[in-house]
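Me: Got a structure to go through with you. Can we do the packing and the aromatics?
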Amino acid sequence: MSGKLILLDEALAMVPDGSAITAGGFAHSHQPLGFLRALIAQGRSKLALMGVAECWAAEWLAAAGMLDRCWFSNFMFEGFGRCRRFSEAIEAGELEVEDHSHFGMVMRFVAAGQRLPFMPLLAEAGTDIVAVAGFERPDQKTARLASPFADARQVTVTSPLSPDVAIIHAARADKRGNVQLFGASSVIEEQAAAAKKVIVTVEEIVPGETFARRPEATLLPGLMVDAVVHLPFGAWPTGVYGYYDPDLDFLRSYYEASRDAKSCTAWIEQHLKSPRNHWDWLDRAGVTRLLALRPDPALGYRPGGAR
């Protein structure tokens with residue numbers, strides 16, 4: 001290993017018990033599930049999640065009993081329904097949550113990333129999101145200030161939120177930590193800028209010259225990244241644009257198991273905890289299954305398939 005390229009086990013050690021994490025991805029796309037599956041297999045406790053739309057990360061961590069609290073804006077499984085184990089942990093008082101709009105959550109990341117004491121926003125004003133306390137007091141989350149400019153307009157401002165570790169899955173990186181991801185990237189830049197450490201797992205490691213040929217596709221420069229892990233199919237069973245589509249049958253098998261706490265625990269044990277390592281996790285899926293998810297190379301997705 002050289003530069004910022006490290007082994008998966010070394011990266012897992014960067015997320016100890018009690019860490020506040022944020023995870024990349026949106027809906028069924030590019031969530032760092034290979035990394036999180038390995039984290040679940042090792043076991044962690046009292047984690048906090050600062051999330052925008054990483055529904056599968058939130059659900060699996062809650063189902064494994066590893067989450068204590070969560071700042072979030074919306075978690076749901078598009079095409080399936082609610083995140084049952086996550087929701088039931090809240091209802092049972094086992095998981096504390098602090099609710100936001102998507103924009104409000106992103107503005108807290110932006111404030112942290114820009115090293116600013118607050119960010120102004122028009123969203124959330126007058127709603128229960130700011131009026132009703134979660135585990136934060138309302139005045140720790142937002143405030144109303146008069147604009148210092150001519151109209152002295154009252155605006156809502158929100159406080160910064162800085163995760164200990166951002167865990168991102170992307171398309172490719174070089175050994176210096178430069179990262180590219182194609183297609184919609186959600187709010188990865190804001191999450192990475194806000195975090196104290198950034199771990200990126202990628203489908204492939206490429207020479208630095210590759211980035212020089214397409215600099216416009218670089219999402220994270222190496223100076224923002226602490227560690228890179230080569231983890232092919234590291235987002236499976238969610239998809240990565242240009243590499244593989246979401247495996248909806250596998251995702252559905254979890255969703256059906258999550259209807260009942262006992263069957264969900266058995267699913268977590270069989271599929272997430274018992275694989276010996278990432279390669280065993282992929283071996284159990286099978287080469288035929290994984291290759292069937294490959295997209296049309298010209299389009300980046302399978303016409304008529306999930307996307």
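Me: Phe80 and Tyr255: buried or exposed?
Reply: Both are buried. Keep in mind that this is a predicted model.

Me: What about the rings of Phe75 and Phe86, what geometry do they have?
Reply: Their centres are 5.2 Å apart and the planes sit at 80°. Planes over 60 degrees apart count as edge-to-face, so this pair is edge-to-face.

Me: Where do the two sit in the chain?
Reply: Phe75 is in the loop between E3 and E4, and Phe86 is in helix H4. They are 11 residues apart.

Me: Is Phe75 buried or exposed? And why?
Reply: Phe75 is buried, because its relative accessible area is 8% and the cut-off for buried is under 20%. Phe86 also counts as buried, at 3%.

Me: Back to Phe80 and Tyr255. How are those rings arranged?
Reply: They are stacked, 5.5 Å centre to centre, with 25° between the planes. Phe80 is in the loop between E4 and E5, Tyr255 in helix H10, and 175 residues separate them.

Me: Which aromatic cluster do they belong to?
Reply: One that also includes Trp56, Trp60, Phe77 and Trp236.

Me: How many aromatic pairs in total?
Reply: The count is 18.

Me: New topic, helix H4. Which of its residues are buried?
Reply: H4 spans residues 84–91, and its buried residues are Arg84, Arg85, Phe86, Ser87 and Ala89. They pack against helices H3, H10 and H11 and strands E3, E5 and E6. Just after H4, Gly93 takes a positive phi of about 75°.

Me: What does Val200 touch, leaving aside neighbours within four places in sequence?
Reply: Val200 is in contact with Ile168, Ala170, Val179, Leu220, Val225, Ala227, Val228 and Val229.

Me: Last one, Met76. Which strand is it in?
Reply: Strand E4, residues 76–77. Met76 is partly exposed, because its relative accessible area is 40% and that falls between the 20% and 50% cut-offs. Leaving aside neighbours within four places in sequence, Met76 is in contact with Cys55, Gly81 and Cys83.

Technical notes: Residues are numbered from 1 along each chain as its sequence is written. This is a predicted model: local features need pLDDT of at least 70, side-chain atom pairs count only at pLDDT 80 or more; totals for chains, interfaces and linings use all residues. Side-chain values use heavy atoms; hydrogens and water are left out. Contact means heavy atoms within 4.5 Å. Helices (H or I, at least four residues) and strands (E, at least two) are DSSP runs, numbered from the N terminus. Buried means under 20% relative accessible area, exposed over 50%, partly exposed in between (1.4 Å probe, protein chains only). Rings of Phe, Tyr and Trp (its six-membered ring) pair if their centres lie within 6.5 Å; planes under 30 degrees apart count as stacked, over 60 as edge-to-face and the rest as tilted.
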